[in-house]
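I am opening a notebook on a structure I have not looked at before.

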Amino acid sequence: MEILEERDGSVIIVKPRGRLDSSAAKSAEEQLTAALGGGEPHLAIDMSGLDYISSAGLRVMLLVAKKVQQLNGKLALFGLLPNVREVFRVSGFDTILQIRDDRAAALAAVG
């Protein structure tokens, strides 16, 4: 799994690519946590390159969301592929995390 990172003003945009499963979870958690930096993070996660997410991947998303909340930041996900969106829906994570349809809406939600 690969995670790319960029900035758009004060918003950090991360883009995981590949599969977020138990074999990639530890590394993904470390990379996403490192992307938060200091202060109040404004994080948008571009999920369009994520082909698959397991329960271990959902756990990573929840941990990152909790860290963002502890730092009084904001988090939004966008670009979920249909199969990944379905995992979020079935697990109820779509009610826990902010999921937006596109980059502009995610940036507006966290900016």
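Which backbone nitrogen does a side-chain oxygen of Ser54 reach at the start of α2? I looked it up in the model, which is a predicted one. The nitrogen belongs to Ala56, and the oxygen of Ser54 comes to within 3.2 Å of it.

Entry on α2. I noted that the helix covers residues 55–70, 16 residues in total. From first C-alpha to last I read 22 Å, close to the 22 Å expected at 1.5 Å a residue. I then listed its buried residues: Ala56, Gly57, Leu58, Val60, Met61, Val64, Ala65 and Val68. I kept in mind that an α-helix has 3.6 residues a turn, so residues three or four places apart point the same way.

Entry on Asn72. I checked its phi, which is positive at about 60 degrees although Asn72 is not a glycine. For reference, most residues other than glycine have a negative phi. I also looked up the accessibility of Asn72: at 57% relative accessibility, it counts as exposed, because the cut-off is over 50%.

Entry on Asp102. I placed this residue in the loop between β6 (99–100) and α5 (103–110). Is Asp102 buried, partly exposed or exposed? I read a relative accessible area of 39% for Asp102, so it is partly exposed. A polar atom of the Asp102 side chain lies 3.4 Å from the backbone nitrogen of Ala104. Last, I compared Asp102 with Leu80: they are 22 residues apart in sequence, and 9.0 Å apart in space from C-alpha to C-alpha.

Notes
Residues numbered from 1 in each chain as written. Predicted model: local features only at pLDDT ≥ 70, side-chain atom pairs only at ≥ 80, totals over all residues. Heavy atoms only, no water. Helix = DSSP H or I, 4+ residues; strand = E, 2+ residues; numbered from the N terminus. Expected span 1.5 Å × (residues − 1). Buried < 20%, exposed > 50% of the residue type's maximum accessible area, 1.4 Å probe, protein only. Polar contact = N/O pair within 3.5 Å; in protein donor to acceptor, adjacent residues only side chain to side chain.
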